[in-house]
Amino acid sequence: MSISDDSGALDYELARRQAGAEPIRLPPLRFIAAAVVAVALAVSIYLVGRHGDPAPQLQLSLILGAAFGFVLQRARFCFFCIWKDWLDRSDPRGLLGILTALAVGLAGYTLIYGAWLPDPSGMRLPPTAHIGPVGPALLLAGLAFGAGMAISGSCISAHLYRLGEGSPTSPFALVGAGFGFVLGFLSWNELYLLTISESPVLWLPRQLGYGGALLAGFAVFGALAWWLLRAGRPSEEGAANKAQLDPVAAIFLRRWPAWLGGLFVGLIGVAAYLRLSPLGVTAELGSRSRQLATQFDWLPARLEGLDSFRGCATLIRDALLTPNGLFIAGLVAAAFAAALAAGEFKPRRPTGGHALRGLVGGALLGWGTVFGLGCTVGTLLSGISAGAVSGWVFALGLIVGMTATLKLGRRLGLLD
Amino acid sequence: MSVLSLIRHGVVVLAASLALGGAALAQTGPLVSTEWLEKNLNDPKVRIVEVSVEPGIYERGHIPGAQNIAWHTDLVETVSRDIAGPEKFQALARKLGVDKDVTVVLYGDNNNWFAAWGAWVFDIYGLRDNVKLLDGGRKKWELEKRPVATNPVPVKASSFTVSEPNKALRARLTDVVATVEKKSEARVLDIRSPDEFSGKIIAPAGFQELALRAGHIPGSVNVPWARAVNQADGTLKSPEELKKLYAEVGIDGSKPVITSCRIGERSSHTWFILSRVLGYQAANYDGSWTEYGNVVGLPISNPAGTIWGGK
């Protein structure tokens with residue numbers, strides 16, 4: 001039986017080609033529906049600003065979440081789809097978009113660090129930056145997370161924006177991730193005592209200085225970009241470019257070029273770090289799963305050391321509205337509005353295959369997130385931007401896990 | 001006091017007030033107001049230092065020109081569970097440009113808990129009357145919509161020389177045991193919540209650093225720290241109200257007081273009130289319940305009868 005998900009990665013390549021040929025039209029009904037969602041989001045932002053506690057933080061979380069969701073949906077900033085584009089079609093554009101986000105993030109973080117912690121050589125780490133322990137558990141987390149991406153068709157951030165596109169897999173993947181979190185918490189103490197407690201927390205600016213870490217990062221990004229451009233197949237963007245002259249269509253209807261998405265993702269990441277906390281999409285999901293599991297008495301009374309690490313904290317919070325919860329709400333709502341406007345909201349009745357792939361893949365995503373102390377956003381993007389070695393190691397594990405699972409799944413006829 | 005000496009005293013006080021001017025008058029006490037601080041932000045002889053609990057809060061916006069102290073690394077010896085040693089403190093004070101002729105204003109989040117703890121450590125090393133707390137701390141400053149900044153302002157290092165630690169300000173286990181054995185006339189004031197004091201719980205939910213036993217030091221009295229604070233803006237209650245509050249449990253300044261809590265940090269908030277605002281003889285017991293409650297064989301009072309966290 002094939003449990004392939006044909007929507008897990010919508011065939012954007014096809015959509016992109018078609019878009020180039022179609023005349024631009026804004027169906028009024030679609031646009032009105034999108035406008036209604038956008039207005040509802042705006043009203044929520046206003047209300048949170050008036051009644052939230054602490055209002056400025058909660059309101060800004062909602063705003064940045066909405067910006068992030070809009071950008072992710074418009075640019076199709078989905079790490080797994082981007083990787084598949086490269087594996088299957090040697091299309092380097094998505095990966096170049098990720099490199100853009102990382103370069104902007106690294107430059108922005110370095111700029112902020114200069115003000116917050118002028119001397120990086122001491123014992124201190126920059127406040128709240130996602131700099132995690134580096135060891136075998138982190139690599140394992142990357143592998144599991146990568147496998148979960150291949151099976152469920154997305155990482156957690158992409159499942160969230162896909163929720164706004166009406167994906168039949170994403171709801172199951174997010175529920176699966178909840179279970180994965182619980183499995184992660186259940187295995188935390190063993191792995192912590194076995195390896196994590198002795199894993200060093202490595203921060204590149206401490207060894208290389210800010211200038212050195214920035215240059216080293218740029219050198220790696222530059223080398224990767226050069227290689228991608230050489231090894232990749234040239235894309236056919238000519239037709240699409242001509243049609244993008246209409247700014248409304250370019251923003252709301254057409255898929256954004258990946259580099260533009262990457263630029264905005266990087267900027268939102270820097271803004272979030274400056275004003276709130278490093279970008280991440282799993283803190284709320286993790287802490288709600290932990291809260292639920294604690295209520296059922298499933299978890300050990302103490303998770304050794306877990307809450308002392310930097311990353312997407314899963315500490316249980318009693319508040320109804322949390323910054324990360326609102327960030328996620330804004331992300332999903334704005335992705336929904338963007339998908340509606342672009343005609344990419346295509347809800348479908350989920351099949352057994354969708355559910356199975358979502359739950360199994362999601363569980364791996366959740367487990368990987370606990371040990372990676374974040375996901376593609378919280379650990380890879382916010383970590384590499386922060387100059388953390390943990391971000392790079394997680395990325396490595398993730399690429400290997402994703403590729404191996406995809407190839408194996410295809411050979412067995414389970415994945416497409 | 002004769003009539004003549006009263007008059008003489010009055011004249012001296014009046015002359016001193018006129019000479020010092022308004023600004024200096026406002027900072028003669030242990031507290032400064034947010035209004036005073038905003039007017040004196042650019043005074044080179046005023047050094048503002050934030051001591052907050054939450055990491056990253058200083059960096060994302062602080063009172064313009066304020067320096068930062070990370071209490072859990074800068075003000076302690078992390079391995080030996082002790083306050084920062086004289087050399088470490090001297091290096092920190094010099095780096096912050098702090099000296100005896102500089103008015104130091106400490107403030108922070110959470111009702112100045114750790115700012116007060118900072119004031120206690122500063123006091124131990126000889127910086128007392130020139131160290132003030134910003135009344136209301138971060139909370140009041142933000143409530144009043146006063147400006148914050150994120151850019152660092154470099155300060156010129158000072159050549160401060162640390163004094164011998166003032167042991168009278170710090171209570172050790174033996175001092176507390178002496179009160180239990182009635183060999184000392186000091187009173188222990190426990191500022192934890194009523195449920196911790198009665199032994200219903202060992203510590204509030206979420207705290208990992210615990211004692212094995214529940215209850216309190218025999219003979220100690222309980223006034224939760226928050227009762228000294230106006231909840232609306234985080235300012236301290238008036239000295240009259242504070243006097244009354246502590247007099248209710250028999251603490252009136254006639255005998256030395258030892259303040260205590262779970263790990264000794266919140267109790268410095270109450271220590272500041274007793275020692276600096278009311279002028280009582282007070283020492284802070286930084287070992288607190290995590291030390292006392294864990295010592296084998298020491299008597300405790302445990303009205304709730306909780307044993308090993310249960311009944």
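Q: In this predicted model, is the crossing of helix 3 of chain A and helix 12 of chain A left-handed or right-handed?
A: The crossing is left-handed. That term applies when the near helix is turned anticlockwise from the far one by less than a right angle.

Q: Why are helix 3 of chain A and helix 12 of chain A called roughly antiparallel?
A: Helix 3 (residues 55-75) and helix 12 (residues 258-275) of chain A pack at an angle of about 165 degrees. The cut-off is over 145 degrees. The two helices are therefore roughly antiparallel to each other. Their axes lie 9 Å apart.

Q: Which residues of helix 3 of chain A meet helix 12 of chain A?
A: Helix 3 brings A:Leu60, A:Leu64, A:Ala67, A:Phe68, A:Val71, A:Leu72 and A:Ala75. Among their partners in helix 12 are A:Phe264, A:Ile268 and A:Arg275. The contact residues divide into twelve nonpolar, one polar and one charged.

Q: What makes the link between B:Asp74 and A:Arg124 a salt bridge?
A: The N to O distance between these side chains is 2.6 Å. The rule asks for a side-chain nitrogen of Lys or Arg within 4 Å of a carboxyl oxygen of Asp or Glu. The pair therefore qualifies as a salt bridge. The rule finds one salt bridge across the interface of chain A and chain B.

Q: How much area is buried between chain A and chain B?
A: About 900 Å² is buried, and carbon and sulfur atoms give 45% of that. A:Trp116, A:Arg124 and A:Pro127 supply 51% of the area that chain A buries against chain B. Twelve residues of chain A are in contact with eleven residues of chain B.

Conventions
Residues are numbered from 1 along each chain as its sequence is written. Chains are lettered from A and ligands numbered from 1 in the order in which they are written. This is a predicted model: local features need pLDDT of at least 70, side-chain atom pairs count only at pLDDT 80 or more; totals for chains, interfaces and linings use all residues. Side-chain values use heavy atoms; hydrogens and water are left out. Axes are lines fitted to C-alpha atoms, for helices over the stretch in contact, and angles run from 0 to 180 degrees between N-to-C directions. Helices (H or I, at least four residues) and strands (E, at least two) are DSSP runs, numbered from the N terminus. Angles under 35 degrees count as roughly parallel, over 145 as roughly antiparallel, 65 to 115 as roughly perpendicular and the rest as oblique. Contact means heavy atoms within 4.5 Å. Ala, Val, Leu, Ile, Met, Phe, Trp, Tyr, Cys and Pro count as nonpolar, Asp, Glu, Lys and Arg as charged, and the others, Gly among them, as polar. Buried area is the accessible area (1.4 Å probe) that two parts lose on being put together, summed over both.
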